[in-house]
Amino acid sequence: MTLLPPLVEPGDELTRAEIARYSRHLIIPQLGPTGQRRLKNARVLVTGAGGLGSPALLYLAAAGVGTLGVVDFDVVDESNLQRQVIHGVADVGRAKTASAAESIAEINPLVTVEQHELQLTAENAVELFARYDLVVDGTDNFATRYLVNDAAVLAHKPYVWGSIFRFDGQVSVFWEDAPGGRGLNYRDLYPQAPPPGLVPSCAEGGVVGLLPATIGSLMGTEAVKLICGIGEPLLGRLLIYDALAMAVRTVRFGRDPQRPEITELIDYDAFCGTLDDPAVVPDTAPTVTPAELRAELDGPNPPVVIDVREPVEFEIVALPGARLVPVGDILSGAALGDIARAGRVVLYCKTGIRSAEGLAALRRAGIPDVVHLQGGIAAWVRHVDPSLPMY
């Protein structure tokens, strides 16, 4: 086992109250009073107070990390409560940073919380990261993950990364400046973002509510190990967790010899690609708004409306008269014949991501009279029929 040096120097001596609070830590030989003083002196920034950030923040606070930064620009939504355990019913509509800070204070009033209610961008990330010893990345999209990685490299900070989807999770540690020539970053594992739409978000594909607790706790454990210089961190190793099989394995990876040096932050939306990129979706009026679709459906020649979501989503809610054709059947070509004979077609999904992907595939197949619903059924519920359930 190859140890890394402690990331943080020990802080002040523990008070009598701290000794009582952290007694179960103090009797662990690898941790002890010195390790607890390192935690007390540590400054950890958690990006995202969502599914992964919630357990990481709560357990790092309980562990006695002296200063926790929380960066998030979102507000608590009812759909968050299934997994984002740092928030409660009374927090719906509140800023996630404020809700998280309040919960942390309930867990451990000795922790200082610094709220950063802002969107992480190329303009503010490096300066923000420089204020902390360590970053715990709980973000949920590829553009922000690459931003976090590159900013951590430029700020010379290690960070713990995790991701979740349905029943699967991943965890690793990245630190370009790790001693002993062990420096690695996210681009060594993922040199390029996957094509847009290939990997659905949790909002599109779902996540079992207990999974973030497992992955977020593992991320918190890695943070404690780095701060205190104990154990072997997941630097150069990817932990893969399969909750359905209840299986855990680790895969080793090394530096990508083709990886370019990171010298500045870039346009990460452009780097990862977006589904409204002309190379992905044709720019010849590919969308229809909910109001426009409502008018077409009420008119003399209504279009054929095709739902490209999964059957379980169709069971929850669907547009009137819609046909179910999962996007996989469009991408495989199995549904092209039926759609080509349907006349004017409007595709829709939950938010517009999968329908845009299906639209691009149909246009490439030479089917011209097809558009997709802007904002998906979520926008339809907001603007046309609020009586429908939303998930």
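Helices (H or I, at least four residues) and strands (E, at least two) are named here as DSSP runs, numbered from the N terminus. The structure is a predicted model, in which local features need pLDDT of at least 70 and side-chain atom pairs count only at pLDDT 80 or more, while totals for chains, interfaces and linings use all residues. Residues are numbered from 1 along each chain as its sequence is written, and side-chain values use heavy atoms, with hydrogens and water left out.

The phi of His156 is near 60°, a positive value in a residue other than glycine. Most residues other than glycine have a negative phi. His156 is exposed, with a relative accessible area of 53%; buried means under 20% relative accessible area, exposed over 50%, and partly exposed in between (1.4 Å probe, protein chains only). Beyond this strand, in the loop between E5 and E6, lies Arg166, whose phi is also positive, near 55°. Arg166 counts as partly exposed, at 38% relative accessibility.

Strand E5 belongs to an open sheet of eight strands, which follow the order E3-E2-E1-E4-E5-E6-E7-E8 with mixed pairing. The edge strands are E3 (112-116) and E8 (247-252), each of which pairs on one side only, and the twist from one strand to the next averages 15°. Two strands are taken to pair if DSSP finds at least two bridges between them. Strands of a sheet pair through backbone hydrogen bonds, either parallel or antiparallel. Within this sheet, E4 (residues 134-137) and E5 (residues 159-165) run parallel and are joined by three bridges, and the bridge partner of Asp137 in E5 is Trp161.

Helices lie across this sheet. Helix H4 lies across strand E1 (43-47), strand E2 (67-71) and E4, and runs at about 165° to E2; for such angles, axes are lines fitted to C-alpha atoms, for helices over the stretch in contact, and the values run from 0 to 180 degrees between N-to-C directions. Contact itself means heavy atoms within 4.5 Å. H4 (residues 53-63) is mostly covered, with nine of its 11 residues buried, among them Leu57, Leu58 and Leu60. Gly64, which follows H4, has a positive phi near 100°. Helix H10 (residues 211-228) lies across E1, E4, E5, strand E6 (168-174) and strand E7 (237-242), running at about 170° to E5.

Another group of paired strands includes E10, E12 and E13. E10 and E12 pair in the parallel sense over four bridges, with Val305 standing opposite Val346 in E12. E12 and E13 also run parallel, joined by three bridges, and here Val346 stands opposite Val371 in E13. In a regular strand the side chains alternate between the two faces of the sheet. In E12, Val345 and Leu347 point one way and Val346 and Tyr348 the other way, and all are buried.

The buried residues of H12 are Pro290, Leu293 and Leu297. Seen down the axis of H12, these residues fall within an arc of 60°, so they line one face of the helix; the arc is that of the directions from the helix axis to the C-beta atoms. An α-helix has 3.6 residues a turn, so residues three or four places apart point the same way. On the other side of H12, Ala291 and Asp298 are exposed. The buried residues of H12 pack against strand E9 (287-288), strand E10 (304-307), E12, E13 and helix H17 (376-383). The axes of H12 and H17 come within 9 Å and cross at roughly 80°, so the two helices are roughly perpendicular to each other, a term used for angles of 65 to 115 degrees. Where they meet, Pro290, Leu293, Arg294 and Leu297 in H12 touch Ala379, Trp380 and His383 in H17.

The last helix to follow is H16 (residues 353-364), whose 12 residues reach 17 Å from the first C-alpha to the last, close to the 16 Å expected at 1.5 Å a residue; that expected span is 1.5 Å times one less than the number of residues. Because 10 of the 12 residues of H16 are buried, this helix is largely enclosed by the rest of the structure. What covers its buried residues includes helix H13 (311-316), helix H14 (327-332), strand E12 (345-348) and strand E13 (370-373). Just after H16, Gly366 takes a positive phi of about 85°.

Methods: Parallel < 35°, antiparallel > 145°, perpendicular 65-115°, else oblique.
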